[in-house]
Amino acid sequence: MEPVHHISTSSKILFSKARKIVPPMLEKFHKGQLGRVAVIGGCADYTGAPYFSAIASAKLGCDMSHVLCERSAAPVVKSYSPNLMVHPLLPSTETVKDPKSIDAPSLAEPIIGMLSRLHALVIGPGLGRDGVTLKVVAEVIKAARSRSIPFVLDADGLLIVTEDPGLVKGYKDCILTPNVVEFGRLAKALGINVSSQADITKDGDNDKCNEESDACEQLSKALGGVTIIQKGPHDVISNGVTSVVSDIQGGLKRSGGQGDTLTGSLGTLLAWRAAYHDKLWDSGEKDHDKDAQTKDDVQDELESKDKRMSPGTTLLLAAWAGSAITRECSRKAFELKGRSMQASDLTDEVHGSFLRLIGEPEGSKTHL
Ligand SMILES: NC(=O)C1=CN([C@@H]2O[C@H](COP(=O)(O)OP(=O)(O)OC[C@H]3O[C@@H](n4cnc5c(N)ncnc54)[C@H](O)[C@@H]3O)[C@@H](O)[C@H]2O)[C@@H](O)CC1
Ligand SMILES: Nc1ncnc2c1ncn2[C@@H]1O[C@H](COP(=O)(O)OP(=O)(O)OP(=O)(O)O)[C@@H](O)[C@H]1O
Ligand SMILES: [Mg+2]
């Protein structure tokens, strides 16, 4: 039986609606209008994660892709790609005078100063767990929220929320992308009971799916309607009111770094979504006065041919599209590389996956 809050719209319709938030390629656009995205992450230990995330944003199609990382990571990340703009702006215990008494808001200033030039942030890939860095990033989260800049939180960025859920509680422009372990930590912090994998597997596939989406929905509700992509064999997406399961075929190799293709893709989709709501181009849809609040409202917008969608609906669509593109990247890369598949093989599949699943929007000029 279909769980009550699940939308029953087919994948085909979801992809065609996702295409509506993709800006067409037009001669009139200037540099930056198709998205300025920054990944906040990268430290001495992890340089691959912010790179994979930022390059996925770029390959999906944003115009400008930044990485804001810790000082020691910057030359390394720069060396991976000249296409990324890499800024060594994240302080750490190693780089501040007295780590025990820091002024986090002023240490965050150089990053906060960049926010007005950015459409979306991805916070967490390879951020690490340095106490100074995490305090500064918490200030950046507050500043981004107060300026209504959409963001994705992943990996160590989720630790910040686990420790202080109030930072994102009720913020409707963010997406959390926990893996199984991160989901468990968040659920525990918010007092939500998650059945163990063993318990739910023995009930069979349908029950397992229902239990997972129930937990995802509960966590989203506990966070005041924040959108969550609970990653796993299928990705459960929920905003507490409406849920959708992304079960597009993925690959069979579980190499690290695949979640980074997801966050980078989401960064670009959030930037495009902002451009859609700013009416950067004429989508051909009709405005309507009421924002979608309930599952039925969302379903109605998804099934209408010409109704302009509300921010709640487009956020779900962005999450769905990011998840689907990542899983298709993984499927295709696995087809080509088998068990040798690495995160970098997903990077090569981003554009092809976009074209196969979503495709260029109407009016896009793809040839000169
Ligand atoms: N090339 C890179 O630079 C990479 C860096 N990464 C970064 O590494 C840091 C730590 O991330 P982790 O994901 O390791 O987080 P954690 O340090 O919280 O570790 C999670 C652990 O759980 C295990 N696990 C994952 N899925 C599981 C499942 N379904 N059932 C049981 N156990 C499971 C993993 O093997 C991992 O050891 C983050 O900053 C992250 O961004 C990762 O994204 C991987 C790639
Ligand atoms: N068993 C699975 N079958 C198919 N796809 C999966 C499976 N597990 C995870 N995925 C997909 O892999 C991607 C990354 O999810 P994963 O759970 O590996 O995240 P992660 O642990 O945060 O990754 P990372 O190593 O990048 O930190 C997601 O798009 C998810 O849908
Ligand atoms: Mg991860």
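**Figure 1. Packing of helix H5 in the predicted model.** The buried residues of H5 pack against strand E1 (36–40), strand E3 (85–90), helix H4 (104–112), strand E4 (120–123), strand E5 (151–153) and helix H6 (155–163). Contact here means heavy atoms within 4.5 Å, and buried means under 20% relative accessible area, with exposed over 50% and partly exposed in between (1.4 Å probe, protein chains only). Helices (H or I, at least four residues) and strands (E, at least two) are DSSP runs, numbered from the N terminus. This is a predicted model, in which local features need pLDDT of at least 70 and side-chain atom pairs count only at pLDDT 80 or more, while totals for chains, interfaces and linings use all residues. Residues are numbered from 1 along each chain as its sequence is written, chains are lettered from A and ligands numbered from 1 in the order in which they are written, and side-chain values use heavy atoms, with hydrogens and water left out. The buried set of H5 consists of Val132, Thr133, Leu134, Val136, Val137, Ala138, Glu139, Val140, Ile141, Ala143 and Ala144.

**Figure 2. Length and ends of helix H5.** H5 covers residues 131–146, and its end C-alpha atoms are 23 Å apart, which agrees with the 22 Å that 16 residues should span at 1.5 Å a residue. The expected span of a helix is 1.5 Å times one less than its number of residues. At the start of H5, the backbone nitrogen of valine 132 has a side-chain oxygen of aspartate 130 within 3.0 Å. A polar contact is a pair of N or O atoms within 3.5 Å; within protein, one must be able to donate a hydrogen and the other to accept it, and residues adjacent in sequence count only if both atoms are side-chain atoms. Serine 148, which follows H5, has a positive phi near 55 degrees.

Figure 3. Because 8 of its 9 residues are buried, H6 is largely enclosed by the rest of the structure. Those buried are Ala155, Asp156, Gly157, Leu158, Leu159, Ile160, Val161 and Thr162. Their cover includes E4, H5, E5, strand E6 (174–176) and helix H7 (180–189). Alanine 155, found in H6, has a positive phi near 45 degrees, although it is a residue other than glycine.

**Figure 4. Helix H2.** H2 (residues 48–60) has 13 residues and reaches 18 Å from its first C-alpha to its last, close to the expected 18 Å. The helix is mostly covered, with 10 of its 13 residues buried: Ala49, Pro50, Tyr51, Phe52, Ser53, Ala54, Ile55, Ala56, Ser57 and Leu60.

**Figure 5. The largest pocket.** Its volume is about 880 Å³. The lining has 31 residues, of which Asn179, Lys231, Ser255, Gln258 and Gly259 lie nearest the centre of the pocket. H6, helix H10 (258–277) and H12 each supply at least two lining residues, and H10 gives the most, with 4. By type, the lining of this pocket divides into 7 nonpolar, 14 polar and 10 charged residues. Ala, Val, Leu, Ile, Met, Phe, Trp, Tyr, Cys and Pro count as nonpolar, Asp, Glu, Lys and Arg as charged, and the others, Gly among them, as polar. On a 1 Å grid over the protein atoms alone, a pocket is an open set of points with protein on both sides within 12 Å along at least five of seven lines, whereas a cavity is a set of points where a 1.4 Å probe fits but cannot get out; lining residues have an atom within 4 Å of a point. Grid points are joined across faces, edges and corners, and a volume is the space filled by probe spheres set on the points.

Figure 6. A search of the whole structure finds 1 cavity of 30 Å³ or more, and the largest cavity has a volume of about 40 Å³. Ile7, Leu14, Val244, Val298, Leu302, Thr313, Leu316, Leu317 and Trp320 form its lining. Helix H11 (295–303) and helix H12 (311–337) are the elements that give two or more residues to this lining, and H12 gives the most, with 4. The lining of the largest cavity holds 8 nonpolar residues, 1 polar and no charged.

**Figure 7. Serine 323 in helix H12.** Serine 323 lies in H12 and is buried, with a relative accessible area of 0%. Leaving aside neighbours within four places in sequence, serine 323 is in contact with Asp235, Ile237, Ser246 and Leu262.
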